[in-house]
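Keep the structure open as you read.

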Amino acid sequence: SVITGKVAQTKMEARRIQKIIIAGNGMTAWMAAAAIGNAVQGQRVEISVIGDEPEPANHIEPSLPISLAFNQRLGIDERDLMRKTSASFTLGTQFKDWPEPGNQYFLPIAPHGASIEYVHFHNYAIKARQAGDATPFNDYSLNAVAARHGKFAHPVMEQDSIFSTLAYGHHFNGKAYTDYMRSYAQAHGAVAINDPIASIQRRADDGFIESVTLSGGETLGADLFLDCSGASAVLSGEQSAFEEWSKWLPANRVISATASSAAPDPFSGITALDACWHLRVPARNTVEHRLVYCREYLDDDEARNVLLSCAGDETLSSFTVTDLRQGRRKSPWKGNCIALGAAAGAIEPLGGTRLA
């Protein structure tokens, strides 16, 4: 039995993931490296992050409460993270002129009201509305009311307190957050290799990736590959077809710019316009404006003028224009390669966020 146990252990060791290659150099890549580095502490696992992509645009990235859990899982101090990423708090998103001009509603990232005897609050609100109560539904959301008055507070643990119904996310400086994740990942064993992947070597029988060769000639093997290379999908693109969603989601272009800002609002705003929509997302000392549009209906110069108009008195700078290809990889996980982020798919960020 001792010999059998040792043989089984040897087989398990042979199958254990010992080397991981992450293709990419942006936020998704370094978040993945940070998460894996934290999870395999004390184990003999090599993590290599490969890519020489240019520095990402300095976007402000909204996050949802699940991002709090991610950062807490890594043991990151919220105050330190917010200082180093020029972050602010967010309680939700204000939508204007959806689905028609003049309409307005707030989408909180916390529930409306609280459950009563295990019955969700919206059931009581509907019953009250049927009985003639015209109270706006957002008045039952502490997040929505606090955002309306420009207030913020951390939630409390006491379940009998109304403040326990609060939930929040952050608005991060995207480049600073990427740098923070890079520093964290490298402190937890990840190694950066600033050389692009030139070719991929696969097993003939099942298509599993055995190794990649870099442009400088070095060949690196691994047990698991994560494709975090964005829309280019350098690892998964050739084996997984892209399913286009442009038939249903025609927006294919994004123009963005930033402006200086004083005290940030604790929410983002999305306004519907002709052939496009406008996002305003504030962070500490900065606010970003984005216009998501379809270039078949609005060219880049027209989009820039619309964005300037949306910004009002705020002086915009650092304009960037990027393509948006909406859809997904049909097989984001193939063999020993998993596509994450934009390598797996992309959709316009209408109520969504890269940081989740």
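This is a predicted model. Start at the N-terminal end of helix 8, which Asp 299 caps. A side-chain oxygen of Asp 299 lies 3.1 Å from the backbone nitrogen of Asp 301. Helix 8 itself covers residues 300–311, twelve in total. From first C-alpha to last it reaches 16 Å, close to the 16 Å expected at 1.5 Å a residue. Just after the helix, Gly 312 takes a positive phi of about 65°.

Which residues of helix 8 are buried? They are Ala 303, Leu 307 and Ala 311. The general rule is simple: an α-helix has 3.6 residues a turn, so residues three or four places apart point the same way. The cover over the buried residues of helix 8 includes strand 14, strand 16, strand 17 and strand 18. The face turned away from the buried side carries exposed residues: Asp 301, Asn 305 and Ser 309. Arg 304 has its charged end over the ring of Phe 319, 3.8 Å from the ring centre.

Now turn to the aromatic pairs. The whole structure holds eight. Phe 89 and Phe 152 have ring centres 3.9 Å apart and planes at 10°, so this pair is stacked. Phe 89 is in strand 4, while Phe 152 is in the loop between helix 6 and strand 7, 63 residues apart. Both are partly exposed, Phe 89 at 21% relative accessible area and Phe 152 at 27%. Ring pairs join these two and Tyr 168 into a cluster.

Phe 95 and Trp 98 pair edge-to-face, 6.4 Å centre to centre with 85° between the planes. Phe 95 is buried at 5%, whereas Trp 98 is partly exposed at 21%.

How values were computed. Residues are numbered from 1 along each chain as its sequence is written. This is a predicted model: local features need pLDDT of at least 70, side-chain atom pairs count only at pLDDT 80 or more; totals for chains, interfaces and linings use all residues. Side-chain values use heavy atoms; hydrogens and water are left out. Helices (H or I, at least four residues) and strands (E, at least two) are DSSP runs, numbered from the N terminus. The expected span of a helix is 1.5 Å times one less than its number of residues. Buried means under 20% relative accessible area, exposed over 50%, partly exposed in between (1.4 Å probe, protein chains only). Contact means heavy atoms within 4.5 Å. A polar contact is a pair of N or O atoms within 3.5 Å; within protein, one must be able to donate a hydrogen and the other to accept it, and residues adjacent in sequence count only if both atoms are side-chain atoms. Rings of Phe, Tyr and Trp (its six-membered ring) pair if their centres lie within 6.5 Å; planes under 30 degrees apart count as stacked, over 60 as edge-to-face and the rest as tilted. A charge sits over a ring if NZ of Lys or CZ of Arg is within 6 Å of the ring centre and within 35 degrees of the ring normal.
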